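Colleague: Before we go through this entry in detail, could you put the sequence and the structure on the screen?

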Amino acid sequence: MGEQDDRTTLKKLIDMDEFKNSSFITDKTESLVFDQRTLESIYKIFKDFDIRSLDYPISSGKESLVYKAIGQKKSYVMKIFKTSTLRFHNIRPYIEGDPRFAHFRKTGGNIVQIWVRKEYANLLECEDHGINAPKPLGINRNVLLMSYIGTERSPAPKLKDVEEEKREAYLADAMMQYGKLVREAGIIHADLSEYNILCHRNKSYLIDMGQAVSKKHPMAREFMARDLQIMKAYSEKNGIKFRDEWITKLEEN
Ligand SMILES: Nc1ncnc2c1ncn2[C@@H]1O[C@H](COP(=O)(O)OP(=O)(O)O)[C@@H](O)[C@H]1O
Ligand SMILES: [Mg+2]
């Protein structure tokens, strides 16, 4: 892969009308995070899902960028992991202790790609067990495509931003989803907070599952205790009673 390929891929992308109007290429600072391979991955997902354009960035974090992508018939969410800033030592404990993924490390392979596959697999488990979460649709290297949660005007708010009078109901549903995740899917979210729960049409959706681990992970208990501790703190801060029923039967087997 040389400079020539760089230009060919970029040119292909830039030549697509859809990209011309988007902040994606025109915003110099943002485009810098996409290396040539990432552009190729984005391009492939564009083709496979007949995506027309990348809309505004919903979120731009240290480790990933989240875009609303406009398809022929519906909207999607494209999560693009920054290959340069996803820190190996930060994510390694969540991969190595998880029996579903431990073998990937031994066979080698790119850590970011394992991470993305892990998020994809966790979202699939949610789908299989009827847990509210984005539906995983496609994956290509460090790019993940999932269903969009929100209205035409804006993505669904996080629990922390929801109107006060609706917080208790959304928290209760989030805790019910979490209970199903643990008991039925056998997965611990391990980064649960009011930032990783989206509230949409009276349902709470668990998001951001790259770090979520199997219950068999040696630190599963600690991760779960931390999840519950954070939700309890949120609950208390908002004057909501943290109900026992939210955490019963989570510790079994
Ligand atoms: N499927 C989705 N639909 C709507 N908004 C989403 C979706 N997934 C993520 N987001 C938005 O993007 C933000 C960042 O996504 P997240 O998966 O939490 O990544 P990060 O690792 O950067 O926290 C979320 O807080 C949420 O506001
Ligand atoms: Mg998040």
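This is a predicted model: local features need pLDDT of at least 70, side-chain atom pairs count only at pLDDT 80 or more; totals for chains, interfaces and linings use all residues.

Colleague: Starting with Glu127, what is its relative accessible area?

Modeller: Glu127 is found in helix H8, where helices (H or I, at least four residues) and strands (E, at least two) are DSSP runs numbered from the N terminus. Buried means under 20% relative accessible area, exposed over 50% and partly exposed in between, with a 1.4 Å probe and protein chains only. Glu127 is called partly exposed because its relative accessible area is 35%.

Colleague: What kind of model is this, and what is left out of the side-chain values?

Modeller: Residues are numbered from 1 along each chain as its sequence is written, while chains are lettered from A and ligands numbered from 1 in the order in which they are written.

Colleague: For the protein chain as a whole, what share of the contacts with a separation of 6 or more comes from residues 24 or more positions apart?

Modeller: The protein chain holds ten helices and nine strands, and 47% of its 253 residues count as buried. Among its contacts with a separation of 6 or more, the share from residues 24 or more positions apart is 61%.

Colleague: How far apart are the end C-alpha atoms of helix H10?

Modeller: Helix H10 runs over residues 220-237, which makes 18 residues, and the expected span of a helix is 1.5 Å times one less than its number of residues. H10 should therefore span 26 Å, and this agrees with the separation of its end C-alpha atoms, 26 Å.

Colleague: How many degrees of arc around the axis do the buried residues of H10 cover?

Modeller: The buried residues of H10 are Ala220, Phe223, Met224, Asp227, Leu228, Met231, Tyr234 and Ser235. They lie on the same side of H10 because the arc they cover around the axis is limited, the arc being that of the directions from the helix axis to the C-beta atoms. An α-helix has 3.6 residues a turn, so residues three or four places apart point the same way.

Colleague: Which exposed residues are carried by the face of H10 turned away from its buried side?

Modeller: The buried residues of H10 are covered by elements that include helix H6 (88-96), helix H9 (167-183), strand S6 (187-188), strand S7 (197-200) and strand S9 (213-214). The face turned away from that buried side carries the exposed residues Arg221, Gln229, Glu236 and Lys237.

Colleague: Are H9 and H10 roughly parallel or roughly antiparallel to each other?

Modeller: The axes, which are lines fitted to C-alpha atoms, for helices over the stretch in contact, with angles from 0 to 180 degrees between N-to-C directions, come within 12 Å for H9 and H10 and cross at roughly 170 degrees. Angles under 35 degrees count as roughly parallel, over 145 as roughly antiparallel, 65 to 115 as roughly perpendicular and the rest as oblique. H9 and H10 are therefore roughly antiparallel.

Colleague: Which residues of H10 make that contact with H9?

Modeller: From H9, the contact is made by Arg167, Leu171, Met175, Tyr178 and Val182. The residues of H10 that take part are Met224, Asp227, Leu228, Met231, Tyr234 and Ser235.

Colleague: Turning to the loops, what relative accessibility does Arg201 have?

Modeller: Arg201 sits in the loop between S7 and strand S8 (203-206) and has a positive phi of about 45 degrees although it is not a glycine. Ala190, in the loop between S6 and S7, likewise is not a glycine and has a positive phi, of about 70 degrees, but Ala190 is buried, with a relative accessible area of 2%. Arg201, in contrast, counts as exposed because its relative accessibility is 64%.

Colleague: With which residues is Asn132 in contact, leaving aside its neighbours within four places in sequence?

Modeller: Asn132 is found in the loop between helix H8 (111-128) and strand S4 (136-140), and it counts as buried at 14% relative accessibility. Leaving aside those neighbours, Asn132 is in contact with Asp173, Gln177, Lys203, Ser204, Tyr205 and Leu206.

Note on methods
Side-chain values use heavy atoms; hydrogens and water are left out. Contact means heavy atoms within 4.5 Å.
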